Amino acid sequence: MGEEDYYLELCERPVHFEKANPVNCVFFDEANKQVFAVRSGGATGVVVKGPDDRNPISFRMEDKGEVKCIKFSLENKILAVQRTSKTVDFSNFIPDSSQLEYTQECKTKNANILGFCWTSSTEIVFITDQGIEFYQVLPEKRNLKLLKSQNINVNWYMYCPEGSVILLSTTVLGNVLQPFYFRAGTMSKLPKFEIELPAAPKSTKLSLSERDIAMATIYGQLYVLFLRHHSRTSNSAGAEVVLYHLPREGACKKMHILKLNRTGKFALNVVDNLVVVHHQDTETSVIFDIRLRGEFDGSVTLHHPVLPARSIQPYQIPAAGTREWPCVGGRGSRSRPDIIISASQGYLWNLQVKLQPIVNLLPDKGRLMDFLLQRKECKMVILSVCSQMLTESDRATLPVIATVFDKLNQEYKKYLDAEQSYTMAMEAGQSRSGPLLRRPVRTQAVVDQSDMYTHVLSVFTEKKETPHKFVIAVLMEYIRSLNQFQITVQHYLHELVIRTLVQHSLFSTLHQFLQYHVLSDSKPLACLLLSLESFYPPAHQLSLDMLKRLSTANDEIVEVLLSKHQVLAALRFIQGIGGHDNISARKFLDAAKQTEDHMLFYTIFRFFEQRNQRLRGNPSFTPEHCEEHVAFFKQVFGDQALMRPTTF
Amino acid sequence: EFFNLEFSNYAPWRAAQEKQFPPALLSFFIYNPRFGPREGEEENKILFYYPNEVEKNEKIRNVGLCEAIVQFTRTFSPSKPAKSLHTQKNRQFFNEPEENFWMVMVVRNPIIEKQSKDGKPVVEYQEEELLDKVYSSVLQQCYSMYKLFNGTFLRAMEDGGVKLLKERLEKFFHRYLQTLHLQSCDLLDIFGGISFFPLDKMTYLKIQSFINRMEESLSIVKYTAFLYNDQLIWSGLEQDDMRILYKYLTTSLFPRHIEPELAGRDSPIRAEMPGNLQHYGRFLTGPLNLNDPEAKCRFPKIFVNTDDTYEALHLIVYKAMSAAVCFMIDASIQPTLDFCRRLDSIVGPQLTVLASDICEQFNINKRISGSEKEPQFKFIYFNHMNLAEKSTVHMRKTPSVSLTSVHPDLMKILGDINSDFTRVDEDEEIIVKAMSDYWVVGKKSDQRELYVILNQKNANLIEVNEEVKKLCATQFNNIFFLD
């Protein structure tokens, strides 16, 4: 398998920690994404490492027994350690505050603490087998205040720090899940829901294991993921992952089913809004994207893997230098959003999706675009896909190219619209409008005209081997797509079309495009056309028409006409728009003289004499410096031909 | 409105006792003086002669006369020899489309037959009725049309000598001359323009996209042209080739297919072909029935770019509802029935959708621009630059007559104004008050010509001028047209 075939990889610089062994216990905190290596109960040292911070925190603590759970509060302010089933110990890590430990016992009598979760820097939730207790920690007083508690029988729990939601498994079978949502000192109970078990349970023992449940935020929404194993009684060909949407308000709803088509042991990750499912037996993984079109059966959408199953790219352990295949889902490693931990090896990786290899694995370009547009780091890959589909050796058909352009422009238009309504709201004064307006975020999926021009189209049009028919078809397809989404086409695209047409002497095509206003009017375009007149005479007319339509280019029209010695036409034009009082007589007389047509010169001269008379009460050109022309006039027609000032 | 129509073929609108005879084709011949330079071999010069029944010596005499006239006038104007010869009874038009190949058309002047006092009919030839430019253009068109379907005279000579050329001329003109309809020729024949279908940008881009896709999937297609309602939207051909092809399509091929369409005979939802998407596409040239395994895939051959690359092409015309596409493929490739079926299955459904899109968009645009009331005036517009032509004077082209809604006298005034315009290069404006109280205005601005006929008996010159300005402002506000 070539290097370019793996689409999943582990990050280059994993977090290394001391591997788990009888004297070293390893803990992972999903809220802060920290690994704790606790040696001899803390007596010989605790080392805390996170994926982002390269400076590990190390400290010692007294060995007061086996550590069951250890976690920092957010921002590493307070450390909580659970050593017994009834109590949790705290110590402050705030500078200049007492580091003496203080202890909190769970309030419910006879309850056992299953674990605890920090929901903020000073708020903590104890989960016991009989309910949950929500505390505020007061570090300076070194004690805790109970904010709220709830009694409920709990089999196991799960915490999703991104969504601040704790999920409790209740009832005998364990398949009724009770979510709680925490925010700023409040705890709210969300509607409980039941996970449908694959087959009617025969016994009354716990049937839903926490190993088969995960929580993750996908496309901004919180989902509970349930790994439903293959059951012999059902018809399904393999295991599947069922996604329950857990909204902030309203009931949880089953939305998506990911078909794994395999049986065995699995592990889950969620990376860049993709659900990654690892299969232990084959050491391969598949990915699912719930935004890609699936089969909707009326209530849920069925999804198949986006790509064929592949292993995670073999990694090299930096120190040892040996290449190994990552094994995911084995004992001791639990599913975390995008993290893979190997306690036995002492590594923590971020799982990453490589987009470039996917380009070749997804032959359907439309689907590929749908997929790429949802990814975080997509822009360069998208642009490379566009370039690739236009190269001669790998050329896509026009309908495919059109589909790709349409998908890009749909995303582009969405952003433009958001940007526009934001600007409008800002101008209207946002203070009065209710919700706080946020400037729309420009994600990498916004591929605009300048991106396309710079990275794709301008390069493409310069390739000699591409037939010009195809070049023009592609440019027109892009312009069509922009128009279809009502996006104003930038003039450099029009110029690119014109340059390409002119280069291949396709003047009649150019003429037709202009005739139907496919190339929008602009002064630069009109000037470009003027410059083409020597190759293609009709460009002159096209240019003049365009200037006329612009209605802001009257001076240019006069200049063009004068340069063509159409002095009378220029004068009639300026008179027609009522601008003849403000024009320079000199300019017109110059042009008329150049024609060497004396009668024309006479007409123009006389026209201005009359204008001067009307404006200044005198036919002379006094302030306009036309002495040379007056002299010429006298020379040709004689002194007496000059108009006499009329006096009243 | 319909009852006010006047046929331009000299309907009896004059005094009842007068009898009208429209202009008619007397003879039409093609010769090359180099082919029989010696005495006694004159017959060899003649390549085609209509009517063929004319006695040999008379043919030789007539050809010789033309030759002599051209030779004689050449001494006065070496670069521009005579174009026409006026006589009392007829008018002769000369054209040398290829070196030493001469085409001559002799048209009899219109005749008025009056009853004299003693009851005898008196024939009066109307010597000034025919416009030189109109009929010279008709003669040129004859050549262009011949060339479109046969290539140049020279090429025929190279391919098979005089014999082949004579065969081709005979085969082509024998039929073509029947369709000339000299009585209804007018200004539009001078222009030989193309009527463009007005369309919004988006729909136009969709059509572009359609054409590009078709040319991609039917890779042997070299050129494409797209028409809607007999008006051109896109052409991949050069202007002059498109101009004559357009003439053929709109005056010959399309009208021939209108009647079956109107009768609804082959509204062809082909339910009988399983797996075939429903569509309205069909071939106007080529196979009539794709289900017939014996169907002939013969397409007319046309010749384009004869001045340089000289390309021979098969002309495939395919139509769905009001949209027609011409696909032109290299003549060396013989399209098979399979190809035709493939074309039908690819083009048919898409063209059907596109045709209804265009129709819908056209109706929307019409509604936006407001219900167009029949204006007080009629006009003809022509742009030499892109051959765009627009006429509200002509009702509809049919293979037999061109219907105009104005009096032939007015049409003649338009022709006269056009002749005046041809004489000078500069922009001009001519206003004529016609005998029938109509005002006729001709304007020329750069490469554009506009002719307006106003039916305002009591209007004065200034008012007429104002009216025309208004017309320009509403109809031609998006072009640079000096007023």
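How far apart do the end C-alpha atoms of residues 26-151 of chain B lie, and how much of the span is helix and strand? In this predicted model, the end C-alpha atoms of that stretch lie 26 Å apart. The span is 30% helix and 33% strand.

Domain 1 of chain B covers 19-185, domain 2 is made of 201-257 + 280-369, and domain 3 covers 377-476. Between domain 1 of chain B and domain 3 of chain B, the C-alpha centres lie 30 Å apart. Chain A is also divided into domains: domain 1 takes in 1-13 + 209-316 + 326-357, domain 2 is 18-156, and domain 3 is 565-647. In chain A, the centres of domain 2 and domain 3, taken over C-alpha atoms, are separated by 96 Å.

Some details of chain B can now be placed. B:Lys45 and B:Glu67 form a salt bridge through their side chains, at 2.8 Å from N to O. B:Lys45 sits in the loop between β2 (24-31) and β3 (46-50) of chain B, while B:Glu67 belongs to helix α1 (residues 56-74) of chain B, so this pair ties together parts that are 22 residues apart in sequence. With a relative accessible area of 10%, B:Lys45 is buried, because the cut-off for buried is under 20%.

Further along chain B comes helix α2 (residues 132-150), which contains B:Ser137. B:Ser137 is buried, its relative accessible area being 11%. Which residues does B:Ser137 contact, leaving aside its neighbours within four places in sequence? They are B:Asp189 and B:Ile190. B:Phe191 is 54 residues from B:Ser137 along the chain, and the C-alpha atoms of the two are separated by 8.3 Å.

Helix α6 (residues 239-262) of chain B holds both B:Arg243 and B:Asp240, which are three residues apart and so separated by about one helical turn. Their side chains meet in a salt bridge of 3.6 Å, N to O. B:Asp240 is exposed, at a relative accessible area of 54%, whereas B:Arg243 is partly exposed at 26%.

Helix α8 (residues 408-423) of chain B has 16 residues. From its first C-alpha to its last, helix α8 of chain B reaches 23 Å, close to the 22 Å expected at 1.5 Å a residue. Its buried residues include B:Leu410, B:Met411, B:Ile413, B:Leu414, B:Ile417 and B:Phe421. B:Asn418 and B:Ser419 are also among the buried residues of α8(B).

A helix in chain A can be examined in the same terms. Where do the buried residues of α7(A) pack? They pack against α5 (449-461), α6 (468-484), α8 (507-515) and α9 (523-531) of chain A. Among these buried residues are A:Leu493, A:His494, A:Leu496, A:Val497 and A:Ile498. Just after α7(A), A:Ser505 takes a positive phi of about 55 degrees.

Side chains of opposite charge can pair when their charged atoms come close. A search of the whole structure finds 47 salt bridges over all chains. One of them joins A:Glu392 to A:Arg395, whose closest N and O atoms are 2.9 Å apart. Both ends are partly exposed: A:Glu392 has a relative accessible area of 30%, and A:Arg395 has 32%. Elsewhere in chain A, a network of salt bridges links A:Lys64, A:Arg83, A:Asp89 and A:Glu101.

The last topic is the contact between the chains. Chain B contributes 36 residues to the contact and chain A contributes 38 residues. About 3100 Å² is buried between chain B and chain A, with carbon and sulfur atoms giving 53% of that area. B:Lys201, B:Glu216 and B:Phe480 supply 21% of the area that chain B buries against chain A, more than any other three residues. How many salt bridges are found across the interface of chain B and chain A? There are three. The side chains of A:Lys469 and B:Glu215 meet in a salt bridge between the two chains, at 2.9 Å from N to O.

Conventions: Residues numbered from 1 in each chain as written. Chains lettered and ligands numbered in written order. Predicted model: local features only at pLDDT ≥ 70, side-chain atom pairs only at ≥ 80, totals over all residues. Heavy atoms only, no water. Domains from an automatic or database assignment. Helix = DSSP H or I, 4+ residues; strand = E, 2+ residues; numbered from the N terminus. Expected span 1.5 Å × (residues − 1). Buried < 20%, exposed > 50% of the residue type's maximum accessible area, 1.4 Å probe, protein only. Salt bridge = Lys/Arg side-chain N within 4 Å of Asp/Glu carboxyl O. Contact = heavy atoms within 4.5 Å. Buried area = accessible area lost by both parts, 1.4 Å probe.
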